[in-house]
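Let's take a walk through this one, a piece at a time.

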There are 2 protein chains.
Amino acid sequence: MKTGKLIVISGPSGVGKGTVVKELMRRHDKARFSVSATTREIRPGEVDGVNYYFISRERFEQLIAEDALLEHAVYVGNYYGTPEAKVNEQLAAGYDVILEIEVQGALQVKKRRPDAVLIFITAPSFEELARRLRGRGDTAEDKVLARLETARWECQLAKDYDYIVVNDTVDAVTERILTIIAAEDYRADRCEEVIKEAD
Amino acid sequence: MKTGKLIVISGPSGVGKGTVVKELMRRHDKARFSVSATTREIRPGEVDGVNYYFISRERFEQLIAEDALLEHAVYVGNYYGTPEAKVNEQLAAGYDVILEIEVQGALQVKKRRPDAVLIFITAPSFEELARRLRGRGDTAEDKVLARLETARWECQLAKDYDYIVVNDTVDAVTERILTIIAAEDYRADRCEEVIKEAD
């Protein structure tokens, strides 16, 4: 069986990662979504093992100590991270594993797993990103401005990704990501068996 | 205007490069086929500037001296090569330029132009490649065996390509190449404008 591909989807806050990933999961039938672990409290409506693995701070720090996380970060005082064992299990079963994570986490993954495919989602323009952040209606203006500042910095990091796609419409950007995932099957460094079989 | 991409299609003799490239040109409307230069004599039915640019040995050696060729090689006592100026002109006009060249020429191009997309076409198996070479009916058995020996060596070089596609059917392999060409538009190193525009 051919091993699956590790697909990392990232991009600035407000760019629409969540919506795009949802659509991608609907349209890519050999994909599994990687559920992150976190130490933050579970919120009403959330399900353990679906939205996140909700674990204690002690357990999380144990995972760090065991080097069992693909990436991790602290956000508003809580840990977030990707347990590696589960990801490997699904890759070995032939599934493409989709990680939806923050920009710095994505670059951590690439260092650890050079075979990971990093896709950066960007907005058509900064004006549009600002419009989307304000359009949520639940974010104070100073927070919007702080997020835009972060987004500028994150876009500088995009050059270290493998691919950059513009989120103009959910349908178009999902199509682009599906094209990238399909093409990645033919990358020479994933095709050793083809050459070996020919030998 | 966005610059076109330099697409290099290569693979062992008998794998069906010519047929695949013909189908690719038919289905990719922003592509231009790169016509090679050669010092061999024009054959009945061939057209100068269509099949090849038929030029003198003196002129060819002048092009080499001027460093005006993307790649070149000697085959059965004649020079073959790709004039770079024409390729650059078409890339600047926004066309993807398709080169159908031998395996070593392809690797020469990659050294000179790291942005080139190298695609290696391979047969489903060596048995199938042998069957195709013999099926032509115009090749003596000792030449078939020599070509298969070369093919084994060329397949070892495939790992230095960007992509490897299996030619099971012309339609399927053309579809794979079109997918690769589409995905290449989103490679981060081709997307500097997207990031700059966002700045």
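Start in chain B, where strand β3 (residues 37–38) and strand β6 (residues 78–83) run antiparallel to each other and are joined by two bridges. To find the spot, look for Ala37(B), whose bridge partner in β6(B) is Gly81(B). Bear in mind as you go that this is a predicted model.

Zoom out a bit and that pair turns out to belong to an open sheet of four strands in chain B, with the order β4-β3-β6-β5 and mixed pairing. The edges are taken by β4 (53–54) and β5 (69–75) of chain B, each of which pairs on one side only. Helix α2 (residues 57–65) of chain B packs on this sheet, where it touches β3, β5 and β6 of chain B, and its direction makes about 50° with that of β6(B). Another helix of chain B, α3 (residues 84–92), lies across β5 and β6 of chain B and runs at about 25° to β6(B).

Now hop over to chain A for another sheet. This is an open sheet of five strands with parallel pairing, in the order β2-β7-β1-β8-β9. β2 (31–33) and β9 (163–166) of chain A have a single partner strand each, so one side of each is left without a neighbour in the sheet. From one strand to the next, the twist averages 25°.

You can trace the pairings across this sheet strand by strand. β2(A) and β7(A) are parallel and share three bridges, with Ala31(A) standing opposite Asp96(A) in β7(A). Next, four bridges join β7 (residues 96–100) of chain A to β1(A), again in parallel; here Leu6(A) stands opposite Val97(A). β1(A) also pairs in the parallel sense with strand β8 (residues 117–122) of chain A, over four bridges, and on that side Val8(A) stands opposite Leu118(A).

Stay with β1 (residues 6–10) of chain A for a moment. How many of its five residues are buried? Five of the five are, so to speak, under cover. In a regular strand the side chains alternate between the two faces of the sheet. You can follow that in β1(A): Leu6(A), Val8(A) and Ser10(A) point one way, Ile7(A) and Ile9(A) point the other way, and all are buried. Helix α3 (residues 84–92) of chain A lies across β1, β2 and β7 of chain A, at about 145° to β7(A), while helix α4 (residues 103–112) of chain A lies across β1, β7 and β8 of chain A, at about 155° to β1(A).

In soluble globular proteins, nonpolar side chains tend to be buried together. Here the largest nonpolar core has 86 residues, and Ile7, Val8 and Ile119 of chain A, along with Ile7, Val8 and Ile119 of chain B, touch the most other members. Take Ile119(B): leaving aside its neighbours within four places in sequence, its contacts include Ile7(B), Val8(B), Tyr161(B), Val165(B) and Ile180(B).

For a contrast, look at two loops of chain A. Val76(A) is in the loop between β5 and β6 (78–83) of chain A, and is exposed because it has 6 C-beta neighbours inside 10 Å. Most residues other than glycine have a negative phi. Yet phi is positive at Asp67(A), near 55°, and at Val76(A), about 45°.

Finally, how do the chains meet? The contact takes 25 residues from chain B and 25 residues from chain A. On the chain B side, β9 (163–166), α7 (170–184) and α8 (192–198) each supply at least two residues, and α7(B) gives the largest share, five residues. That side divides into 17 nonpolar, three polar and five charged residues. A rotation of 180° with 0.0 Å of shift along its axis superposes chain B on chain A, with an RMSD of 0.0 Å. That is the relation of a two-fold axis. The same surface serves both copies, as 100% of the contact residues of chain B recur in chain A.

Methods
Residues are numbered from 1 along each chain as its sequence is written. Chains are lettered from A and ligands numbered from 1 in the order in which they are written. This is a predicted model: local features need pLDDT of at least 70, side-chain atom pairs count only at pLDDT 80 or more; totals for chains, interfaces and linings use all residues. Two residues are in contact if their C-beta atoms, placed from the backbone, lie within 7 Å. Ala, Val, Leu, Ile, Met, Phe, Trp, Tyr, Cys and Pro count as nonpolar, Asp, Glu, Lys and Arg as charged, and the others, Gly among them, as polar. Copies are superposed by least squares on the C-alpha atoms of residues with pLDDT of at least 70 in both. A nonpolar core is a set of buried Ala, Val, Leu, Ile, Met, Phe, Trp, Tyr and Cys residues joined through C-beta atoms within 7 Å. A residue is buried if 20 or more other C-beta atoms lie within 10 Å of its own, exposed if 12 or fewer, and partly exposed in between; C-beta atoms are placed from the backbone. Two strands pair if DSSP finds at least two bridges between them. Axes are lines fitted to C-alpha atoms, for helices over the stretch in contact, and angles run from 0 to 180 degrees between N-to-C directions.
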